[in-house]
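Have the model open beside you and try each task before reading its solution.

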Amino acid sequence: MATVEMRNVLKSYGSLQVIHGISLDIDDGEFVAFVGPSGCGKSTLLRMIAGLEGISGGEIEIGETVVNDLAPKERDIAMVFQNYALYPHMTVARNMGFSLRLQGASKAEITEKVNHAASILGLGHLLDRYPRHLSGGQRQRVAMGRAIVRDPQVFLFDEPLSNLDAKLRVQMRSEIKSLHQRLKTTTVYVTHDQVEAMTLADKIVVLNGGRIEQAGPPLELYDNPRTLFVAGFIGSPSMNFIQGTVRAGDRVMLETDDGLLIPLPAKIASEAGRRVTFGFRPEHILVDQAGVEARVLVVEPTGSETQLNAIFGKNPITAVFRDRVNFRPDDIIRFLPDLARAHLFDSTSGVRIG
Ligand SMILES: Nc1ncnc2c1ncn2[C@@H]1O[C@H](COP(=O)(O)OP(=O)(O)O)[C@@H](O)[C@H]1O
Ligand SMILES: [Mg+2]
């Protein structure tokens, strides 16, 4: 196990700069997820840690050794890719033991380590099969087994579950988590799926345009997003946003761009006149006779909860209720955001207010 440190890391492809000075400390044994939209630089950053991409500026340390000029095989890392990258002409056992064979390990050692990894991953009965005779989930497990047998200082995962169907993805996600709880190997995990990042990681790093938007424990990002970008990215269904201007009369209200009023937290009075984006999560909505009116568009019961899509003026609102609710399309509901858990952002900078 090892720490990973990045200091002002830069990456350019020719004149195109794609990573703009990233500094980050990853603790020994920590599980860190890089999350962000397609093209934000997640894979590039991971591949720079792996040594598969050169570093245009700054420093990367693994286990307190600067690795900028070390080849991938000298970095003591193991990477798992989205497409598994298994050798089709090798059995599962040979795929898993291949890197050890390259290192010149003895046959007995290879067998022992492959068997050990296979038992952790439940692959024992598949060791003689070829990849083409495995399901997607089994192939992904073999790819992980190949990483485990090397007992590296750091695991690097690049969207390892993206090719699996939804149900298997959830199952493998929980297997990866329990694997980390067991091996405690420092892990960097790239995903565009915020639910995957939330459920797996000790620390989430939200990337946007090659910069860190916010880094912290999952629930910290969920409860206290520092920017509109993070607020909108973390959480599913997404946070509701309403734009408007703060008005402080008898009560502090948001005057929406379409001229409606909705209550704001009283402590915002000092921001009167400011253009803001008011944010509240779908599960932080109260049905209240004193609330504002919205028209129900769609009701989606899942059994455990009910999701409601409604429209407040011109503002789409999503609400999630744990209790069974009896709303129908075109019903008028009255609702209030839970002000103690609502968020306010500057509309221009996108930065959280207060
Ligand atoms: N080999 C390359 N040459 C030029 N541009 C690249 C190369 N690899 C990635 N990029 C660009 O770098 C940016 C980040 O890409 P990437 O790290 O793959 O994003 P992500 O993994 O977050 O989807 C993108 O704009 C992408 O087009
Ligand atoms: Mg990628």
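**Exercise 1.** Find how the side chains of Arg141 and Glu175 meet, and where the two residues lie.

*Solution.* Step one: the two side chains meet in a salt bridge, 3.0 Å from N to O (a side-chain nitrogen of Lys or Arg within 4 Å of a carboxyl oxygen of Asp or Glu). Step two: Arg141 belongs to helix H4 (residues 136–149) and Glu175 to helix H5 (residues 166–183), so the pair links distant parts of the chain, 34 residues apart (helices are DSSP runs of H or I, at least four residues, numbered from the N terminus). Step three: Arg141 is buried at 13% relative accessible area, while Glu175 is partly exposed at 24% (buried is under 20%, exposed over 50%, partly exposed in between, with a 1.4 Å probe and protein chains only).

A word on the source: this is a predicted model, where local features need pLDDT of at least 70 and side-chain atom pairs count only at pLDDT 80 or more, while totals for chains, interfaces and linings use all residues. Residues are numbered from 1 along each chain as written, chains are lettered from A and ligands numbered from 1 in written order, and side-chain values use heavy atoms, without hydrogens and water.

**Exercise 2.** Work out how Glu109 and Lys113 are placed in helix H3.

*Solution.* Both lie in helix H3 (residues 107–121), four residues apart, about one turn of the helix. Glu109 is partly exposed at 33%, and Lys113 is partly exposed at 31%.
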